[in-house]
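Keep the view open as you read.

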Amino acid sequence: MSEYIIKNGSVFDPVQGIKGDKKDIAIKDGKIADKVSSAAKVIDASGKTVMAGAVEIHAHIAGPKVNLGRIYRPEDKLFSCTPTKGMERMGGGASIPTTFKTGYEYAKMGYTTAMEAAMPPMFAKHVHEEIRDTPIIDEGAFPVFGNNWFVLEYLKNHEIENTAAYIAWLLRVTKGYAVKVVNPGGTEAWAWGLNCLSVNDPVPYFDITPAEIVKGLIEANEYLGLPHSVHIHPNNLGNPGCYETTLDTLRLAEGMKAKNKFGRESVMHLTHTQFHSYKGTNWGDFESGAKEITDYVNQNKNITIDTGNVTLDETTTMTADGPFEHHLTGLNHLKWANCDVELETCAGVVPYIYSPNISVCAIQWAIGLEIPLMMKDPMRCYITTDHPNAGPFTRYPRVIKWLMSKKARDTQINAFKHKDKVLSQTSIGSLDKELSLYELAQMTRAGPAKTLGLGHMCGGLKPGMDADVAVYNFNPDKPVANPDDIETAFSRCAHVFKSGVEVVKHGEIVGTGHKRTLWVNVKVNDNPQVMRDINEKFIKYYSMTQANYEALGHHFVPNPYALEVDATHV
Amino acid sequence: MTKTITDVICPFCGTLCDDIEVVVSDDGKQLLEVYNACVIGSEKFLHSQAKDRVTKPRMRQDDGTWKDVSYDEAADYTAQMLAKAKKPLMYGWSSTNCEAQSVGNEIAEISRACCDNTAAVCHGTTLIAVQDIGLPTCTLGEVKNRADRIIFWGCNPAHAHPRHMSRYSIFPRGFFTGKGQMSRKMIVIDPRVTDTAKMADVHLQIEQGKDYELLNALRVAFKGEWLPDVVAGIPKEKIREAADMMKSGRFGIIFFGMGVTQSLSKNHNIDIAIAVTKDLNEYTKFSIMPMRGHYNVTGSGEVFAWQFGFPYSIDLTRGFARYNPGDTSSIDLLVRGEVDAMFTIGSDPGAHFPISAVKPIANMPSVCIDPHLTPTSGVSKLHVPVAFNGVETGGNCYRMDNVPIDCRKVVEPPAGMLTDEQFLVMVRDRLKKLKGAA
């Protein structure tokens, strides 16, 4: 394998505490090395920024609802198609790009790992087929558990061991990565056209509350010691006043401690926090609850969050929160797609236009920026757009610009039609903080990698870690003349290495690397009861047989990388 | 000794039953018996054992006779045909697996072809309607476990999807539907008294081509507004009865077929059927699902969508994907004489396209990849027989509700026969050389 040495770049690596020192980064055999031979190819990075490859903790980039979005939105392809070019397959789509384009776009921005945030277990094969066709980046997928009948039935009686055995089984057959919870109980209620809007609303028939589901899943997650914590999208998303439900959900983690061998410290990851931080009682007095939420998270070290930044684009919302999408189509009257999945979950899709001329959208934009600016520990707050829900992931450079430059924020605020309302309903105008490159590396590399339990592999540039490296045309020693230069620099990397293979050079794809599918293989003690329950559910209630459920074989997961967990000792 | 293989997937219709049992000979070369499948499905399995099956590629000679050729020669001809053509059409894909579809898309991209699947003459109109208005749907297990209102509109599952009613929609006893058929009300809308219609609680024998009017009347009836005495041949009392039945359910679903997608008004019928479903979600929970025909037409749309961004009728001739059914759809391309090479796989346009679209195929370089002798293989220059997907090779397929199910190989293909995917890989590699692609 080729050796490389990236010379004289300004290196930002929170894993080693490097804050912009001029350092050489050596790459050998796919790993970061202490030194390389004189035959190593030299990459001159003087006047450039060097970071580890970025880690996406939450995006909807593969699977049935993403593809439903592609199928039912031909308009998303208008002016966004890219032709075959060199190694690149043709692509298309702005908010829901085709799989090939997804891989290329992430790589060109310096991302080398990404997590698909919601995999309906029954559709695991579909998710993996798309992951296989997404080049370059390592990917994992989170199966959804929060409305799964097995989980509801076990946790009703607080059967943590059985829940854990079921999680282990499902992660194995779906090649899943973590425990995702979406609108716990509410999505099951949606199968009857209902919802659970607080953590204490009982789930129809199952006689359990969202609070019991979340608590039980955290306990089961820590019982197993999985790499990632429970990854939660709480009840009552997107409604004025929802921050109270969010705080109720966060409080469920009180007193819980992380137990795992992967270096993860949190027990709950709250995703797309922006959508859960709304105060007010209606769309008229809608205001930011970012302070309340970040105050709580700042004080409670066992919680991590990601932002869910609104990027002010036309996009396609998609979530396993089925009742929310039905609510949304009632608000914007755009086309509504929904798919209820037997025994497991549901998904909804609705296009959405975040217009800078609408006060609510502008306030959402401000809340998304307030959250990372108010968080005291950047290692516990990660930048996402909940792609494509608050905006496409291709807008990360723009979000970075807003976070790194008060001037850029002010320019945007001044461009809003309802500027006064944005300033009165949020505190964005009074936040002077500008993110440093070191904090950026924490929020996009070291932090998410640690919380995903991948801190030993990626998110840093320590010798021995995977050689995922991004070199940006950004000179940290020079003052930024124009904030737009930040956006330009983070849009297209000078160089990107994925596991030691050069995949991007001067913003163009030059290699497809060795893409891997990350999954978690948990060994648990034999649990005949759970196996019998699974067998019974397939015979009686599933529409497919158990033997045909597993995503198996080369076609679905051609290059697997399993994180091994042994939970047999407990 | 014989072996019984369980949990086999039936590669016939979009119902994609996965509980088939197949008995094969000890050496795995002969398929002897099929259990659990419907009559059509059994025949699909057993047909692979026909002794007079074509097992070698055949090239049509100038005098009209056929000459056996090797797979290598067949791949050469196909690759050269695609390399030379300015606007080749690659049509079909609905009766093969997603692996083959994926390789086919690579070929299409290199040769800048038009790609289309059988939705073009089937549920393509459904896709257009979904693009207009969305789609509230569910998996078939939801129907089994929850549905107490079942509507079949312009479809006849008793004959076209024979196990649909027993596996998913009418008879099964699910979690919240413990009484099976007794816990469900069944409405059929069909101008004919089909075997499905005979089973219905309510059969609305609609005047042919008046689906839009009746669906519109249902929307009016949900709101309790004024209706004319008769709409689409149905008295208003009966429409109100059906509307009340739909509204009073806990979980309902509309299944619809070619009777609405390919009759007068086409996609507009589906538009309003989806609007009816959306309306019903104000009162209760309702879904709608197209009764997809071929066992993997759904999969073809999925693979097209994640690779090119559109579900069917895609034109790659400009080097990027364009989609404009009516312009880029197969029949229109053929009838307008825009296509200069025809590549067919896993489908039979010769039997299903209008004759004005079939004639041009006979007059241009053409390849038909299909295990069977079909009208399409009859008009093509080259016929490449392949192993039966789902019988002699596995591969992923998508059920009508988009659920992926991996087909199984149960028996060896005749010696020397290739699968769709293997043959397409040969074509792709040759084409890459011809085009100098990376």
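The C-alpha centres of domain 1 and domain 2 of chain A lie 30 Å apart. Domain 1 of chain A covers 4-51 + 460-509, and domain 2 of chain A covers 54-79 + 109-451; such bounds come from an automatic or database domain assignment. Before going on, please note that this is a predicted model, in which local features need pLDDT of at least 70 and side-chain atom pairs count only at pLDDT 80 or more, while totals for chains, interfaces and linings use all residues. Residues are numbered from 1 along each chain as its sequence is written, and chains are lettered from A and ligands numbered from 1 in the order in which they are written.

How many residues does each domain of chain A bring to the contact? Domain 1 of chain A gives 24 residues and domain 2 of chain A gives 20 residues, where two residues count as in contact if their C-beta atoms, placed from the backbone, lie within 7 Å. On the domain 1 side, the elements that give two or more residues are β1 (4-13), β2 (18-28), β5 (49-52), β19 (469-472), α16 (484-491) and β20 (495-498) of chain A. Helices here (H or I, at least four residues) and strands (E, at least two) are DSSP runs, numbered from the N terminus. The largest share of that side, five residues, comes from α16(A). By class, the side of domain 1 of chain A that touches domain 2 of chain A has 14 nonpolar, four polar and six charged residues; Ala, Val, Leu, Ile, Met, Phe, Trp, Tyr, Cys and Pro count as nonpolar, Asp, Glu, Lys and Arg as charged, and the others, Gly among them, as polar.

Chain B is assigned domain 1 (2-47), domain 2 (58-119 + 295-435) and domain 3 (124-290). Its domains 1 and 2 have C-alpha centres 25 Å apart, and their contact takes 17 residues from domain 1 of chain B and 15 residues from domain 2 of chain B. On the domain 1 side of chain B, β1 (2-8) and β2 (20-25) are the elements that give two or more residues. That side of domain 1 divides into 11 nonpolar, four polar and two charged residues.

Now for two helix pairs in chain A. Helix α5 (residues 160-174) and helix α17 (residues 528-540) of chain A have axes that come within 9 Å and cross at roughly 60°. Axes are lines fitted to C-alpha atoms, for helices over the stretch in contact, and angles run from 0 to 180 degrees between N-to-C directions. α5(A) and α17(A) are therefore oblique to each other; angles under 35 degrees count as roughly parallel, over 145 as roughly antiparallel, 65 to 115 as roughly perpendicular and the rest as oblique. Asn162(A), Ala165(A), Tyr166(A) and Trp169(A) of α5(A) meet Gln529(A), Val530(A) and Ile534(A) of α17(A). This contact of α5(A) with α17(A) has five nonpolar, two polar and no charged residues.

In the other pair, helix α8 (residues 243-251) and helix α9 (residues 290-299) of chain A pack at an angle of about 10°, with their axes 10 Å apart. α8(A) and α9(A) are therefore roughly parallel to each other. Tyr243(A), Thr246(A), Leu247(A) and Leu250(A) of α8(A) make the contact with Glu292(A), Ile293(A) and Tyr296(A) of α9(A).

Finally, look between the chains, where 54 residues of chain B are in contact with 48 residues of chain A. Among the elements of chain B that give two or more residues to this side are α3 (98-111), α4 (124-133) and β8 (134-138). The side of chain B has 24 nonpolar, 16 polar and 14 charged residues.

Which strands make up the open sheet? Four strands form it in the order β15(A)-β17(A)-β16(A)-β8(B), with mixed pairing; two strands pair if DSSP finds at least two bridges between them. The edge strands are β15 (314-319) of chain A and β8 of chain B. Strand β16 (residues 336-341) of chain A and β8(B) pair in the parallel sense over five bridges, and Ala337(A) has Leu135(B) as its bridge partner. β15(A) pairs with strand β17 (residues 345-353) of chain A in the antiparallel sense over six bridges.
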